[in-house]
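Thanks for making the time, everyone. I would like to walk through one model this morning, so please have a look at the sequence and the structure before I start.

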Amino acid sequence: MFVIRGLNGQALFETGEENLGDESIFATYAEAKTALDNLEQSLPPGIFKVVALRCERCNGENDVAIIHVNDEPKAFCMDCRVQVFAKKNPVGRPAMGVTKKVSVTLNENDWEWLDEKAEGNRSAFIRDVIWKALGSEAEWSNNACLGYAIKGLENLNYSPEEIEKIVRAISLTFDMTSVPEAKNIYENSRY
């Protein structure tokens with residue numbers, strides 16, 4: 001339920017004989033907004049605003065506010081706003097595995113060498129060193145995968161423009177798909 005009130009909280013009352021003195025209540029935001037637009041044709045705009053009386057989600061009255069979600073007005077109380085909008089969504093790339101903290105002691109020259117080789121990303125560098133130490137399977141890389149894709153597409157006489165589009169599409173999926181997920185996709189595909 002929505003009403004029209006002044007910026008100072010002053011209510012707008014009905015003037016008809018049946019509802020004389022009752023506050024004008026509207027079932028939807030759209031109805032209230034239309035009434036406000038009509039009112040502002042005879043008054044300066046910005047004196048009144050549409051106010052929500054009850055939460056659309058729980059019907060509560062605790063500090064109800066109108067929030068525009070995807071350009072659609074919604075009335076939420078304080079509790080529902082916290083529940084709906086305070087959820088933390090994961091950010092960044094998906095986890096590659098299990099994270100375990102390790103402390104390494106090196107002399108200053110070794111740290112300088114490590115930092116130079118790591119180019120600002122020690123974690124990626126150490127991961128790469130470990131993968132290489134594991135053997136030939138660890139030599140796999142995103143670039144090797146793209147090389148196989150390019151070679152196969154060239155063998156099928158794809159144009160350079162088509163190959164470029166496909167290579168870009170594959171490159172974008174590296175950050176969003178883990179190696180086990182990619183393996184599972186391939187093993188469960190019809191190819």
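Predicted model: local features only at pLDDT ≥ 70, side-chain atom pairs only at ≥ 80, totals over all residues.

Let me begin with a question: which residues does Ala11 touch, not counting residues up to four places away in sequence? They are Ile4, Arg5 and Glu23, where contact means heavy atoms within 4.5 Å. Residues are numbered from 1 along each chain as its sequence is written, and side-chain values use heavy atoms, with hydrogens and water left out.

Ala11 sits in the loop between E1 and E2, and its C-alpha is 8.3 Å from that of Ser24, with the two residues 13 apart in sequence. The element names come from DSSP runs, numbered from the N terminus: helices are H or I of at least four residues, and strands are E of at least two.

Turning to the sheet, three strands make an open, antiparallel arrangement in the order E2-E1-E3, where two strands pair if DSSP finds at least two bridges between them. Its edges are E2 (25-26) and E3 (48-52), each pairing on one side only. Helix H1, residues 29-39, packs on this sheet and touches E1, E2 and E3, its direction making about 165° with that of E3; axes here are lines fitted to C-alpha atoms, for helices over the stretch in contact, and angles run from 0 to 180 degrees between N-to-C directions. Strand E1, residues 2-6, is joined to E2 by two bridges, and Val3 has Ile25 as its bridge partner in E2.

Elsewhere, E4 (residues 65-69) and E5 (residues 72-76) pair antiparallel over five bridges, with Val69 opposite Glu72. Two residues lie between the strands of this hairpin, where Asn70 takes a positive phi near 50°.

Now to the helix pair. The axes of H3 (residues 108-118) and H4 (residues 122-133) come within 8 Å and cross at roughly 90°. The two are therefore roughly perpendicular, a label that covers 65 to 115 degrees. On the H3 side the contact includes Trp111, Trp113 and Leu114, and on the H4 side it is made by Arg122, Phe125 and Ile126.

Finally, how much space lies in the second largest pocket? It holds about 630 Å³, a volume being the space filled by probe spheres set on grid points joined across faces, edges and corners. A pocket is an open set of points on a 1 Å grid over the protein atoms alone, where a 1.4 Å probe fits, with protein on both sides within 12 Å along at least five of seven lines, and lining residues have an atom within 4 Å of a point. Of its 20 lining residues, Lys100, Val102, Ser123, Ile126 and Arg127 are the closest to the centre, and H4 gives the most to the lining, with six residues.

How values were computed: Parallel < 35°, antiparallel > 145°, perpendicular 65-115°, else oblique.
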